[in-house]
Amino acid sequence: MSLTVDMSLDPDEGRALVSLSNAGVRRDGAWLVRGVDLAVRPGEIVTLIGPNGSGKSTTAKMALGILSPDEGRAARRPDVRVAYVPQKVTVDWTLPLTVERFLSLTAKADARDAEAALAATGISHLRFSEVRNLSGGEFQRALLARAMCRKPDLLVLDEPVQGVDYTGEIALYELIKRIRDDLGCGVLLISHDLHVVMAATDHVICLNGHVCCQGAPVAVASSDEYRRLFGGRASDTLAVYEHHHDHTHLPDGRVRHADGSVTDHCHPHAPAQEPDATTGEENRHAG
Amino acid sequence: MLDDFFVRALVAGIGVAAIAGPLGCFVVWRRLAYFGDTLSHAALLGVGLALLLQVNVTLAVFAVSAGVSLALLALQRRASLSSDALLGLLSHSALALGLVALAFMTWVRFDLMGLLFGDILAVSVRDIALVYGGGAVVLAVLAWIWRPLFAATVNPELAEAEGLNPERANIVFMLLMAVVIAIAMKIVGVLLITAMLIIPAATARRFSSGPEQMAVLAALFGMVSVVGGLFASLEWDTPSGPSIVVAALALFLASLSPLASAITNALRRNAGQKSEVPQQ
Ligand SMILES: Nc1ncnc2c1ncn2[C@@H]1O[C@H](COP(=O)(O)OP(=O)(O)OP(=O)(O)O)[C@@H](O)[C@H]1O
Ligand SMILES: [Mg+2]
């Protein structure tokens, strides 16, 4: 866990667009996610990975200021222009909303930027279509086009290519990289496509109710497990990160650390005290 | 010209429709019809209090409606009850309190029917000034918060993340609703204000491809309903409020007819062809 500590002492932190330190969100007496340290700097792609319900979206919302941390700290540079692609957006059928108007949802989009964004995401032909009639993949493209039009300093993408076809997926990840290169913006990406994460991001954070491990993807990619992953066997994907973990979750919910000690908690900042929190962790790590 | 009570009613009604249309769109988009009802029921309590305390009726109605809106926001935040139960609670409590308050004031000669259903005979030049003065303020404020309010309607988290402060937009919107209730009460009556908000917006939905367009169309359909309804009310000596709402309903039904859908399709095709012209 030395990495986590280093992060908070990072002299660069002042330049980060957004940073979380030891941040956590608690609801109904259980921690949804806890002890998250992360920083996104200009030009950097930081990726959150982890199983369903591991707190990726919650972490992104803390970074965006939608949720305020119940513990720890979230800091954004005040002048940062944010663009957000949420995991789930449903447009009510009573709303008359064309793709073109959707691009100007939170700020007026320049006509040329709009055209370019629609072309880049491959939906120029849908410019005047009603948003509620778009297919799932088309709508994801519209969300990305809208984010692109904002010319953000910080781009937060929560599973941006869900439901996009295979070739489209590759193209959209390419596009995200290109946006980063063109605008020099920081990107916080949530993704389940581990191969892409490995190939195209600067920093990977593995969440599972807390930060399990983080670091440069190269470190992870040099492992045998990663090669197996590249073979396309999805069942191995989570094992890839095992070597990087400095602790193991025991079947009874306790945690064995790298030094051999066993505690109720894997959380470095909060040794086991609260029984309810412990139950939450057990559930989270079971299996 | 404003000497004629009927002209006064027309002018005032058209003004109300111009405000109710755009706000009504948000009522439809955000599924707030019941909220409109709650506010208008609260208006009755406002009237009762105004008579009791000898203060300006419009002001009292605005104050009570605004109070109910803010109470709703506060209750929603901590409540263990769903929004519709809270609205029902506030709505009927306010209505009952208002009726009780009015019943107590036996010394005041009071036209309850006029209050409930609107009274074109009672529209004064001062009312017109109020409709247009207040209406101008409402529309100006609405234009000011339009983008955040609409963005928050589509997705509050997105609006919040991108720095639009949806919370503030919501509060301003609720206060605007309170103003509209206070202004529209005299023309359409307490019981039917919500109809003035929703029906023209519902009619406009079928003909619109964008929110701004829908707001303008809703205002226009509302104005047509006011004119039609008031003439009918004069002709058949029916109360003004219900007549206007019946006219609005007739327009809505007409919009469902095959002819209307032919027009809609033609409009859509037209909009598609003008692809070089950026909207808004
Ligand atoms: N408002 C809330 N109240 C209670 N629990 C919540 C709330 N929001 C989220 N949760 C829970 O918090 C956990 C983390 O949710 P989150 O959406 O962050 O997961 P995720 O990592 O994004 O998962 P996925 O991959 O499925 O998108 C989940 O178990 C979820 O059920
Ligand atoms: Mg998620």
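**A helix of chain B and its surroundings**

Tutor: The part to begin with is helix 4 of chain B, in which B:Leu86, B:Leu87, B:Gly88, B:Leu90, B:Ser91, B:Ala94, B:Gly98, B:Ala101 and B:Leu102 are buried. Everything described here refers to a predicted model. The buried residues of this helix pack against three other helices of chain B: helix 2 (33–53), helix 3 (57–78) and helix 5 (112–117).

The length of helix 4 of chain B can be checked against its residue count. Its 22 residues should span 32 Å at 1.5 Å a residue, and the C-alpha atoms at its ends are 31 Å apart, so the two values agree.

B:Phe104 also belongs to helix 4 of chain B, which covers residues 83–104. Is B:Phe104 buried or exposed? Its relative accessibility is 62%, and exposed means over 50%, so B:Phe104 counts as exposed. Along the chain, B:Phe104 and B:Gly48 are 56 residues apart, while their C-alpha atoms are separated by 9.3 Å.

Elsewhere in chain B, helix 9 can be examined in the same terms. Of its 13 residues, 11 are buried, so helix 9 of chain B is largely enclosed by the rest of the structure. The buried ones are B:Ile193, B:Thr194, B:Ala195, B:Met196, B:Leu197, B:Ile199, B:Pro200, B:Ala201, B:Thr203, B:Ala204 and B:Arg205. They pack against helix 1, helix 2, helix 8 (166–188), helix 10 (211–236) and helix 11 (240–255) of chain B.

Helix 1 (residues 5–29) of chain B and helix 9 (residues 193–205) of chain B have axes 7 Å apart and pack at an angle of about 75 degrees. Helix 1 of chain B is therefore roughly perpendicular to helix 9 of chain B. On the side of helix 1 of chain B, the residues that meet the other helix are B:Ala17, B:Ala20, B:Leu23, B:Gly24, B:Cys25, B:Val27 and B:Val28. On the side of helix 9 of chain B, they are B:Met196, B:Leu197, B:Ile198 and B:Ala201. By class, the contact between helix 1 and helix 9 of chain B has 10 nonpolar residues, one polar and no charged.

Chain A comes next. It has 10 helices and 12 strands, and buried residues make up 54% of its 287 residues. Its accessible surface is about 12300 Å², with 50% of that belonging to carbon and sulfur atoms. Counting contacts in chain A between residues at least 6 apart in sequence, 67% join residues at least 24 apart.

The axes of helix 5 (residues 136–149) and helix 6 (residues 166–183) of chain A come within 12 Å and cross at roughly 10 degrees. These two helices of chain A are therefore roughly parallel to each other. A:Arg141, A:Leu144 and A:Met148 of helix 5 make the contact with A:Gly168, A:Leu172, A:Leu175, A:Ile176 and A:Ile179 of helix 6. This contact divides into six nonpolar residues, one polar and one charged.

A:Leu134 lies in the loop between helix 4 (111–120) and helix 5 of chain A. At 12% relative accessibility, A:Leu134 counts as buried. Apart from neighbours within four places in sequence, its contacts are A:Val99, A:Leu126, A:Ser129, A:Phe139 and A:Ala142. A:Leu134 and A:Gly168 are 34 residues apart along the chain, and their C-alpha atoms are separated by 16 Å.

The other loop, between helix 5 and strand 6 (154–158) of chain A, holds A:Lys151. A:Lys151 has a relative accessible area of 43%, so it is partly exposed. Its phi is near 50 degrees, a positive value in a residue other than glycine. Most residues other than glycine have a negative phi. A:Asn22, found in strand 1 (residues 18–27) of chain A, also has a phi near 50 degrees. With 21% relative accessibility, A:Asn22 counts as partly exposed.

How values were computed. Residues numbered from 1 in each chain as written. Chains lettered and ligands numbered in written order. Predicted model: local features only at pLDDT ≥ 70, side-chain atom pairs only at ≥ 80, totals over all residues. Heavy atoms only, no water. Helix = DSSP H or I, 4+ residues; strand = E, 2+ residues; numbered from the N terminus. Buried < 20%, exposed > 50% of the residue type's maximum accessible area, 1.4 Å probe, protein only. Expected span 1.5 Å × (residues − 1). Contact = heavy atoms within 4.5 Å. Areas by Shrake-Rupley, 256 points an atom, 1.4 Å probe, with all protein chains shown as cover. Axes fitted to C-alpha atoms, helices over the stretch in contact; angles between N-to-C directions. Parallel < 35°, antiparallel > 145°, perpendicular 65-115°, else oblique. Nonpolar A, V, L, I, M, F, W, Y, C, P; charged D, E, K, R; others polar.
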